[in-house]
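Here is a short briefing on salt bridges and on one residue's surroundings. Please keep the model open while reading.

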Amino acid sequence: MRREADPVSGMVEEIQRFLDDGKRLITAQVSLVELDAVLGSLVGRRSRFVELRKRIGGLPAESRKEVGRLLNAAVEELEQLGELRRGELSVEERERGYERERLDLTETEPTSSRGHGHVVTSTHETLEDVFVGMGFSVAEGPEIESDWYNFEALNIPPDHPARSMWDTLYVNLEPQGKMLLRTHTSPVQIRVMQAQRPPIRVICPGRVYRRDTADASHMPVFHQIEGLVVDRGISFADLAGTLEAFTTEYFGKAIHSRLRPSYFPFTEPSAEFDINCLICEGAGCRTCGMTGWLELGGCGMVHPNVFAAVGLDPEEWTGFAFGFGTERLALMRYGIDDMRELWTCDVRFLRQF
Ligand code: FA5
């Protein structure tokens, strides 16, 4: 037969369990926030203690006082233990905070090896800064061009002998058809004149492609920077003055430049723009082909046929254009004697610039 449990001793056992569980929980907490939550569930307003106290009312009257005293003693013990643990945890948390905020003056940052722009990129950027400072804006065009932009609009019809100087790779594209890797940045002149009315003062930097064999001053892939000025009453003197101002700004006052008569189908008259070879100082070396001068680019007054191709009246508008090789400028500026060095991508070399 099952014996009825004695409610008083059952309650006493439960208070003991409440005390044991409480002690274990309080000592197990590792943060003040968690400790507060545990104390709340043990002795707070909606806690195990409040529940036990309610149940004391259901015990026989003669044992209520004794059981109540036991419960109060258990609560007091848990509260004291809670205070003790709170003190310990506050010290630990403060120390952890000090540790976090401690400034280790012996700590060293590992040095990172950040790269920087290639010398051709930084040359373009410097050139852009110089020309923007002179009132030019910057335009870009596609590297794969049509025959019309690269040749015909520039007064180079299909049978023109100048085409052989600028031989290049042709590609078939959908839907454009036969296209070519542009041989110079001059097609961007055409695109700019189609897109905006004069006055125009623009530079066009970019990559170009030719069937040239790599040597100390040539590469099959290289960069140019094109310049175009169109307005009323522009003269050859404006061209010479602009190039002189650019040379002084970019190379310094000591560097001389010269214009040599030349021929380009899209300019008339045309000239080559040379500066003193900075490597041999005019004595002659393999970079300047023993001449003492290094050709930087071509220039001239915009040909009337080019104006006609873009619908500008050559009687009303005049202009000049120029095109430099960026690598040649970089060689000159940094005293590098072989253009191929720029393309070997040896970081020990590139790091110097
Ligand atoms: C032209 O490309 C003309 N479009 C320049 C021009 C623009 C003339 C506007 C008149 C008006 P040229 O083929 O000479 O011209 O090339 C211009 C410059 O590019 C050269 O002076 C040289 O500095 C550079 N260059 C030419 N070929 C190479 C090459 N293979 N490698 C590196 N640089 C080169």
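Buried means under 20% relative accessible area, exposed means over 50%, and partly exposed lies in between. The model is predicted. I255 has a relative accessible area of 13%, so I255 counts as buried. The structure also holds 18 salt bridges. Some of them are set out below.

**I255 and its surroundings**
- I255 sits in the loop between α9 and β7.
- Which residues does I255 touch, leaving aside those up to four places away in sequence? They are T247, I275, N276 and L278.
- For N276, the C-alpha atom is 6.5 Å from that of I255, although the two residues are 21 apart in sequence.

- R258 and D274 form a salt bridge, with 2.9 Å from N to O.
- Is D274 buried or exposed? D274 is buried, because its relative accessibility is 1%, and the cut-off is under 20%.
- R258 has a relative accessible area of 30%, so it is partly exposed.

**E14 and R55: helix to helix**
- E14 pairs with R55 in a salt bridge, and their closest N and O atoms are 2.8 Å apart.
- This pair links distant parts of the chain. E14 is in helix α1 (residues 7–28), and R55 is in helix α3 (residues 48–56), 41 residues apart.
- E14 is partly exposed, at 21% relative accessible area.
- R55 is partly exposed as well, at 38% relative accessibility.

**E316 and R232: loop to loop**
- A salt bridge joins E316 to R232, with the closest N and O atoms 2.4 Å apart.
- Why does the pair tie together parts that are 84 residues apart in sequence? E316 lies in the loop between α10 (304–309) and β10 (318–325), while R232 lies in the loop between β6 (221–231) and α9 (236–251).
- E316 is partly exposed, with 33% relative accessibility.

**A salt-bridge network**
- Which residues are linked with D21 in a network of salt bridges? R24 and R48 are the residues linked with D21.

Terms used
Residues numbered from 1 in each chain as written. Predicted model: local features only at pLDDT ≥ 70, side-chain atom pairs only at ≥ 80, totals over all residues. Heavy atoms only, no water. Salt bridge = Lys/Arg side-chain N within 4 Å of Asp/Glu carboxyl O. Helix = DSSP H or I, 4+ residues; strand = E, 2+ residues; numbered from the N terminus. Buried < 20%, exposed > 50% of the residue type's maximum accessible area, 1.4 Å probe, protein only. Contact = heavy atoms within 4.5 Å.
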